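Me: I would like to learn how to read a structure, one feature after another. Please give the general idea each time and then the case at hand.

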Amino acid sequence: MTELNHAQLQRDTLWMHQALVLARKGLLTTAPNPAVGCLLVKDEQCIAEGWHQRAGEPHAEVHALAAAGDRARGATAYVTLEPCSHHGRTPPCAEALISAGIARVVVAMEDPNPQVAGSGITRLREAGIAVTVGVLSSAAERLNRGFCARMRRNRPWLTVKLAASLDARVALENGESQWITAAAARRDVQYFRAQADAILTGAETVLRDNPRLNVRAEQWPLSRPQPELLRQPIKVVIDSQRRVPSDAQIFAGQSPVWLAQTVAERSDLGKQAEVIVCQAHDGRVDLHDLLAQLAKRGINQIWTECGPQLAGALLAAKLVDELIIYQAAAVIGDHGQPLLRLPKLGDLAKQQRFEVVDQRAVGDDWRTIYRPRYDAADV
């Protein structure tokens with residue numbers, strides 16, 4: 001970050017915080033683009049604001065500049081992500097800021113997209129604009145963690161959600177799991193589903209529960225921001241043995257369904273689904289290859305609702321970025337199905353450790369968010 005005096009840094013932090021609040025408005029709608037907010041400030045007053053609303057539409061800076069008009073000349077722009085410098089579906093925002101006569105640009109974080117990656121900042125400086133980078137960078141990174149993950153490591157950010165009893169059981173021995181948690185927890189899940197670009201599950205879950213896996217407006221939690229246009233994530237089903245029936249509820253609705261298989265044959269589904277052919281690993285879909293293919297298709301965030309077998313496989317493959325557990329104040333007993341199915345552990349020193357990121361009550365249940373503590377080489 002450019003050296004700033006304390007008072008200026010305080011002002012920059014205040015304005016950038018407001019820009020991040022603006023950016024959050026696009027969390028449910030901008031994919032595969034990042035959510036970005038922009039404030040224009042002049043004489044210590046906010047004169048205009050903008051946020052990126054949908055991919056293919058004007059970026060945050062363009063909205064703010066249009067709102068400011070001629071008043072933008074000499075102003076400071078606070079942008080949560082480095083202004084783009086390349087021609088995509090929209091013109092470069094760096095050039096728009098230059099043309100508008102912006103005097104200073106404060107950027108929360110550099111764009112991890114290789115097509116930008118500092119070139120927007122360089123272009124602004126070449127034009128004589130003062131640029132400060134790194135104000136509230138950690139918050140900006142968290143806001144677009146899926147986009148950053150896809151750009152930096154070529155795979156999406158993956159969250160596994162599980163509902164469990166106090167004794168860490170996710171279903172009865174016969175597979176019955178509806179419902180372990182109460183209605184408030186199920187409403188809370190809708191907001192997380194809506195933020196995802198894709199919802200991932202396995203064929204076993206489809207066969208056992210016949211879920212729809214859509215975002216349900218009628219269950220939308222009132223405590224969450226109200227979406228203007230609810231986006232339905234793509235549904236991805238790992239179906240190595242091609243067992244998902246054509247009349248499964250997962251095919252209902254308008255959102256696409258992608259079936260991950262190791263071979264392409266699946267003529268019985270017609271236009272209901274697209275088959276993603278993945279590499280095989282021990283006769284099953286290679287999970288690393290699947291996530292790489294989803295990244296190529298512009299998937300930033302994956303929300304996973306599945307059984308203990310797939311959840312355990314994802315964790316064992318070190319592909320889980322976040323684990324969200326809704327825990328009910330009830331017990332099922334040791335004949336119930338476990339939270340995760342993992343390879344037998346022979347050395348306690350090798351147990352998987354987690355960091356608790358957040359824990360709170362959701363109605364009668366508790367929601368805990370965990371982050372696995374992987375070795376640096378694994379991520």
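Reply: Start with exposure, where buried means under 20% relative accessible area, exposed over 50% and partly exposed in between, with a 1.4 Å probe and protein chains only. Asparagine 154 counts as exposed because its relative accessibility is 52%. This is a predicted model, in which local features need pLDDT of at least 70 and side-chain atom pairs count only at pLDDT 80 or more, while totals for chains, interfaces and linings use all residues. Residues are numbered from 1 along each chain as its sequence is written, and side-chain values use heavy atoms, with hydrogens and water left out.

Me: Where does asparagine 154 lie between helix and strand?

Reply: Helices (H or I, at least four residues) and strands (E, at least two) are DSSP runs, numbered from the N terminus. Asparagine 154 sits in the loop that links helix H6 (145-153) to strand S6 (157-164).

Me: What is the phi of asparagine 154?

Reply: Most residues other than glycine have a negative phi, and most peptide bonds are trans. Asparagine 154 has a positive phi, near 60°. Alanine 117, also not a glycine, has a positive phi of about 40°. Alanine 117 belongs to the loop between strand S4 (104-107) and helix H4 (119-126), and at 38% relative accessible area it is partly exposed.

Me: Which peptide bond is cis?

Reply: The bond from alanine 31 to proline 32 is cis, with omega near 5°. Proline 32 is in the loop between helix H1 (6-23) and strand S1 (37-42).

Me: Which residues does UniProt list for "binding site"?

Reply: UniProt positions are given in the numbering used here, feature names are shortened, and annotations may be inferred rather than shown by experiment. The unreviewed UniProt entry lists Ser177, Arg193, Leu213, Arg216 and Glu305.

Me: Is leucine 213 buried or exposed?

Reply: Leucine 213 is buried, because its relative accessible area is 3%. Its place is the loop between helix H8 (203-209) and strand S9 (234-238). Contact means heavy atoms within 4.5 Å. Leaving aside residues up to four places away in sequence, leucine 213 touches Arg193, Ile199, Thr201, Lys235, Ile250 and Glu305. Serine 177 is buried too, at 17% relative accessibility, and is found in the loop between strand S7 (169-171) and helix H7 (183-195).

Me: How many of the residues of H7 are buried?

Reply: In H7, 10 of the 13 residues are buried, so the helix is largely enclosed by the rest of the structure. Arg193 is one of these buried residues. Their cover includes S6, strand S8 (198-202) and strand S14 (301-305).

Me: How many cavities of 30 Å³ or more does a search of the whole structure find?

Reply: On a 1 Å grid over the protein atoms alone, a cavity is a set of points where a 1.4 Å probe fits but cannot get out, and lining residues have an atom within 4 Å of a point. Points are joined across faces, edges and corners, and a volume is the space filled by probe spheres set on them. The search finds one cavity of 30 Å³ or more. The largest cavity holds about 130 Å³. It is lined by 17 residues, and the closest to its centre are Leu27, Asn33, Asn144, Asn300 and Gln301. H6 gives the most to this lining, with three residues.

Terms used
1 Å grid on protein atoms, 1.4 Å probe; cavity = no way out; pocket = protein on both sides within 12 Å on 5 of 7 lines; lining within 4 Å.
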